[in-house]
Amino acid sequence: MASPEVHVRICEQEILKYDLEIKALVQDIHQCSGPQSQLAALNTDVKQSFHLLRMRIQDLEQMAMEQDKELDKQELMGRVERHRKQMMSNQTAWRKANLACKLSIDNMEKQELLRGEDSVVRQRKLTKEGLAQTSSGITENLMSISRMMAQQVQQSEESMTTLATSSRTIQETNDEFKTMTGTIQLGRKLITKYNRRELTDKLLIFLALALFLATVLYILKKRLFPFL
């Protein structure tokens, strides 16, 4: 059975793999020139990679919480936080690449439309329906960006909650250690006190016994040898 260190190393290797996959897909989105279906396929792959990356980061966090040594736990939690920040950076790059790609595709489509039609046809096409469709597309893009930003805020809140929980756990553990230390010191003082009292009691008993024996000898001497 593999050791915990091996599991941690394998987990971080997979996190690195998904991170590189996401960076490569974001670069493909930057270079994508259409059509929209190709961009949608790339975004599906990015979402899948983000899902797998998030799961592996959560696995690494669970391994950190299961560490016996507090120092090892804090070190692993630091790695988890770095991976989360890198993931958030990738999400920001992904959103920017999406927005730039959509704008580029829209411009190319408009240019092709303008090149393929004469002035009369262009005037006919620029109707209220066309303007409404353009407005709808812009609104959809804005809603998509808004949803992405909401997801980013939610993930940031989850990260803050995790950090607060870890801080409380560390503080509670520190308080328990202080309480145990005080109890041990009190027990040590009591043991020392009892040992001293036991030694005093033994000395008093010895002196009382010696006094008793001396008294008995004195009485026997007076009874048996009254003239001595």
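## A buried phenylalanine

Let's start inside the fold: Phe50 has a relative accessibility of 3%, so this residue counts as buried. Please keep in mind that the model is predicted.

Trp94 is a second residue to look at. With 8% relative accessibility, Trp94 is also below the 20% cut-off, and therefore counts as buried.

## The aromatic pair

How many aromatic pairs does the count give? The count comes to one aromatic pair. Its members are Phe50 and Trp94, whose ring centres lie 5.5 Å apart, with an angle of 35° between the planes. Planes under 30 degrees apart would count as stacked and those over 60 as edge-to-face, so the pair of Phe50 and Trp94 is tilted.

Where do the two partners sit? Phe50 belongs to helix H2, which covers residues 36–65, while Trp94 belongs to helix H3, covering residues 70–116. The pair therefore ties together parts that are 44 residues apart in sequence.

## The fold around it

Now to the wider picture. The protein has five helices and zero strands, and its pattern along the sequence reads α-α-α-α-α.

Contacts tell us how the chain comes together. Taking contacts between residues at least 6 apart in sequence, 76% of them join residues at least 24 apart.

## Burial and surface

The protein has 228 residues, and 21% of them count as buried; Phe50 is one of the buried residues, and so is Trp94.

Definitions and conventions
Residues numbered from 1 in each chain as written. Predicted model: local features only at pLDDT ≥ 70, side-chain atom pairs only at ≥ 80, totals over all residues. Heavy atoms only, no water. Phe/Tyr/Trp six-rings, centres within 6.5 Å; stacked < 30°, edge-to-face > 60°. Helix = DSSP H or I, 4+ residues; strand = E, 2+ residues; numbered from the N terminus. Buried < 20%, exposed > 50% of the residue type's maximum accessible area, 1.4 Å probe, protein only. Contact = heavy atoms within 4.5 Å.
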